[in-house]
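User: I would like to work through the strands and helices of this structure step by step. Please show it first.

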Amino acid sequence: MKAVDTNVLARLILQDEPNQARLAETVVREPIWVSHTVWIELGWVLGRRLRLDRVIVADALETLLMLETVHVADRDGLLWAVDRYRKGADWGDVSIWSPPAESPTAS
């Protein structure tokens, strides 16, 4: 299983660099590990840096979390955080509320 960084997931969501987006699509077809830190940074990049609407950011994060090939330490915790973010909470606050153990063996 490969670990991916924020850039891979951002390229997949944004489709702003066609070659990198195609590579990202290839990467996520296989099992990948996404660390908690990457989720925090991805939410920040999409919401704060790029100023995308929070509903778009929440939908993108939730869609990624629901992919069978995406493995995380605490899927339920991140889904909870996405739900709270969608309702107006700060992503940084809710995503670190209860930091999960970083383990590539967790789902």
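Analyst: Two strands are said to pair if DSSP finds at least two bridges between them. Please note that this is a predicted model.

User: Which residue in β3 is the bridge partner of W33?

Analyst: Strand β2 covers residues 32-33 and is joined to β3 by two bridges. The two strands run parallel. Within β3, the bridge partner of W33 is H71.

User: Are helices α3 and α4 roughly parallel or roughly antiparallel?

Analyst: Helix α3 (residues 36-49) packs against helix α4 (residues 54-66) with the axes 10 Å apart and at an angle of about 150 degrees. Angles over 145 degrees count as roughly antiparallel. The angle therefore makes α3, relative to α4, roughly antiparallel.

User: How many residues of the contact of α3 with α4 are charged?

Analyst: On the α3 side the contact includes W39 and L42, and on the α4 side it includes V57 and L61. The contact residues comprise seven nonpolar and two polar ones. The number of charged residues is none.

User: How many residues are charged in the contact of α4 with α5?

Analyst: The axes of α4 and helix α5 (residues 75-86) come within 9 Å. Among the contact residues are R54, D59 and E62 in α4, and R75 and R86 in α5. The contact has 10 nonpolar residues and no polar ones, and its charged residues number five.

Key: Residues numbered from 1 in each chain as written. Predicted model: local features only at pLDDT ≥ 70, side-chain atom pairs only at ≥ 80, totals over all residues. Heavy atoms only, no water. Helix = DSSP H or I, 4+ residues; strand = E, 2+ residues; numbered from the N terminus. Axes fitted to C-alpha atoms, helices over the stretch in contact; angles between N-to-C directions. Parallel < 35°, antiparallel > 145°, perpendicular 65-115°, else oblique. Contact = heavy atoms within 4.5 Å. Nonpolar A, V, L, I, M, F, W, Y, C, P; charged D, E, K, R; others polar.
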